[in-house]
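Trainee: Could you take me through this one before I start on my notes? I'd like to go over the pockets, the sheets and the metal site.

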Amino acid sequence: MNRRRFLKLATAGAAASVAPSLALPADAPRILRAEHAEQHLVGATNPETAVWAYGGTVPGPELRLRQGERLRIEVENALPVDTTVHFHGIRLPNAMDGVPNLTQAPIAKNGGRFMYEFDLPDAGTFWYHPHLGSPEQVGRGLYGALVVEEREPPAVDRDLVWVLSDWRLDRNARITGDFMSFMDASHAGRIGNTVTVNGAVRDVFAVRAGERVRLRLINASNARIYGLRFEGHEPWVIALEGHPVAPRAAERIVLGPAMRADLVLDCKGDPGTRHRVIDDFYQRRAYRLLDLEYASDPALRKTSGPVPSLPANPVTQPDLARAERHRVVFGGGMMGAMPSQRTQRGMFWTVNGKVLPEGHHHPDPMLTLVRGKSYTLELINDTSWHHPIHLHGHVFRVLERNGRKVEGGEWGDTVLIDPDSRAEIAFVADNPGDWMFHCHVLEHQASGMMAVIRVA
Ligand code: C2O
Ligand code: CU
């Protein structure tokens with residue numbers, strides 16, 4: 001790692017008590033250990049919470065590399081359960097995708113290891129998490145940010161990550177053990193009662209008047225959807241799901257599970273003031289996430305220049321005129337029609353009428369696509385619930401979402417579909433292998449809402 005990058009990491013860390021950064025020189029393998037840890041999630045006056053964590057902290061180490069570099073990291077599993085690691089949103093070779101019994105054998109409990117190694121074609125904000133026993137493993141704290149910097153990142157004063165996690169804690173700050181309860185699995189998923197930013201409930205986020213912050217939001221929660229408002233501020237969205245969008249001011253930033261947004265936050269408040277950041281996605285349960293707290297120092301600068309647009313990633317445009325169309329219907333859940341034998345086996349959700357249990361050996365693909373061809377998928381949410389639908393190994397264009405054409409066709413790996421609504425995505429099936437296509441509400445994923453798309 002060169003000195004400039006080191007300094008950047010060091011300042012980012014010092015300024016915001018963000019996740020510890022693990023600098024990854026391109027050549028040295030490093031270890032990512034999944035292990036037990038204790039962490040103060042809800043303030044020093046409350047007991048510590050026993051968590052599962054990568055490298056002993058939640059979130060795990062922030063992996064920060066440069067576009068085009070190779071990530072090489074060995075995962076060691078010190079937990080009493082098998083696991084895998086999936087690098088969400090990265091277009092990588094199938095064997096590195098971290099899906100148990102599909103792309104690799106699970107990493108055995110109590111000491112198993114697996115080496116992940118792949119190139120990073122796209123710049124952007126990504127993350128990593130287990131792909132086995134996800135409701136519990138993610139729900140106990142296993143995830144971290146993977147930031148791939150542009151070759152020439154836009155100038156900002158600070159570039160940092162907020163990993164948003166949602167926890168279900170009891171009065172003693174212990175994680176409740178009711179994973180995959182009937183209620184969670186068949187409704188909105190495991191929505192908790194405590195939201196942390198970078199592993200702690202925070203009262204404030206310190207800023208300085210006049211500074212420009214690039215804020216990378218990652219929703220690492222099992223099921224909670226966020227709708228964030230920065231009172232007194234108008235953040236610019238410059239990327240979604242890791243990929244650039246034409247910069248636009250956003251009043252409210254909606255993030256489903258697994259989704260990311262890169263914001264440019266110009267700190268235009270006065271020195272010494274405080275401004276709330278509100279999450280009001282569930283309107284009757286709105287709460288204050290934290291306050292932006294301005295230092296009393298005079299403003300760093302008077303005006304902030306134009307908001308930078310990020311360079312596009314090297315994703316091939318699908319040929320929309322010739323794309324082959326397929327329809328994918330997501331069904332099930334409470335208030336839907338679900339045959340009762342299935343609900344007895346804990347399978348509540350379907351993709352095109354079928355369920356796929358997690359960790360299934362060699363599942364049949366729902367679709368087999370021809371390598372190099374363009375496809376349009378019409379995604380129909382035939383349920384009364386939200387579903388963030390995620391495709392592995394590819395980046396798709398979102399053409400339409402919830403009844404609205406998406407201007408400019410945003411790129412993404414996850415699309416949030418409202419209840420009884422639809423979306424349309426298009427992509428070139430250019431990465432060979434068997435790829436998961438599933439809902440990222442982890443309780444839905446683990447109770448059937450998952451399928452395999454084969455690119456051959
Ligand atoms: Cu973020 Cu299939 O996962
Ligand atoms: Cu879902």
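**Pockets, metal site and sheets**

Mentor: Let us begin with the second largest pocket, where strand β31 (residues 450-455) supplies the largest share of the lining, three residues. Please keep in mind throughout that this is a predicted model.

Trainee: OK, and which residues line the second largest pocket?

Mentor: Its lining consists of V351, N352, K354, V355, L356, P363, D364, P365, M366, M450, A451 and V452. Sorted by class, the lining of the second largest pocket has nine nonpolar, one polar and two charged residues, and the space in this pocket comes to about 240 Å³.

Trainee: How much space lies in the largest pocket, then?

Mentor: The largest pocket holds about 770 Å³. Its lining is made up of 24 residues, and those that lie nearest the centre are R248, R252, V254, R401 and R404.

Trainee: What classes of residue make up the lining of the largest pocket?

Mentor: There are 11 nonpolar and 11 charged residues in that lining, together with two polar ones.

Trainee: And which strand gives the largest share of the lining of the largest pocket?

Mentor: That is β27, with five residues. At least two lining residues come from each of β15 (236-240), β16 (243-249), β17 and β27 (404-412).

Trainee: β17 makes me think of the sheets. Where does β17 stand in the order of its sheet?

Mentor: β17 belongs to an open sheet of five strands with mixed pairing, whose order is β12-β20-β19-β14-β17. Both β12 (204-207) and β17 (253-255) are edge strands with a single partner each, so one side of each has no neighbour in the sheet. From one strand to the next, the twist averages 25°.

Trainee: How do β12 and β20 run, parallel or antiparallel?

Mentor: They run parallel, with four bridges joining β12 to β20 (residues 287-294), and V207 stands opposite Y294 in β20.

Trainee: What about the sheet that has β31 in it?

Mentor: That one is also an open sheet of five strands with mixed pairing, in the order β23-β31-β30-β25-β28. β23 (367-369) and β28 (414-417) are its edge strands, each pairing on one side only, and here the twist averages 20° from one strand to the next. Within this sheet, β25 (residues 387-391) and β30 (residues 433-439) run antiparallel and are joined by three bridges, and H390 has H438 in β30 as its bridge partner.

Trainee: Switching to the metal: which residues coordinate the copper ion (ligand 2)?

Mentor: The copper ion (ligand 2) is coordinated at 2.0 Å by H387 through ND1, C439 through SG and H444 through ND1. H387 lies in strand β25 and C439 in strand β30, so this pair ties together parts that are 52 residues apart in sequence. Along the sequence, the donor residues have the spacing H-x51-C-x4-H.

Trainee: Are H387 and C439 buried or exposed?

Mentor: Both H387 and C439 are buried.

Trainee: Last topic, β2. Which strands is β2 joined to, and how do they run?

Mentor: β2 (residues 30-39) runs parallel to β5 (residues 70-77), with five bridges between the two strands, whereas it runs antiparallel to β3 (residues 49-54), to which six bridges join it.

Key
Residues numbered from 1 in each chain as written. Chains lettered and ligands numbered in written order. Predicted model: local features only at pLDDT ≥ 70, side-chain atom pairs only at ≥ 80, totals over all residues. Heavy atoms only, no water. Pairing = 2+ DSSP bridges. Axes fitted to C-alpha atoms, helices over the stretch in contact; angles between N-to-C directions. 1 Å grid on protein atoms, 1.4 Å probe; cavity = no way out; pocket = protein on both sides within 12 Å on 5 of 7 lines; lining within 4 Å. Points joined across faces, edges and corners; volume = space filled by probe spheres on them. Nonpolar A, V, L, I, M, F, W, Y, C, P; charged D, E, K, R; others polar. Donors = N, O, S within 2.8 Å, 3.2 Å for Na, K, Ca; no water. Buried < 20%, exposed > 50% of the residue type's maximum accessible area, 1.4 Å probe, protein only.
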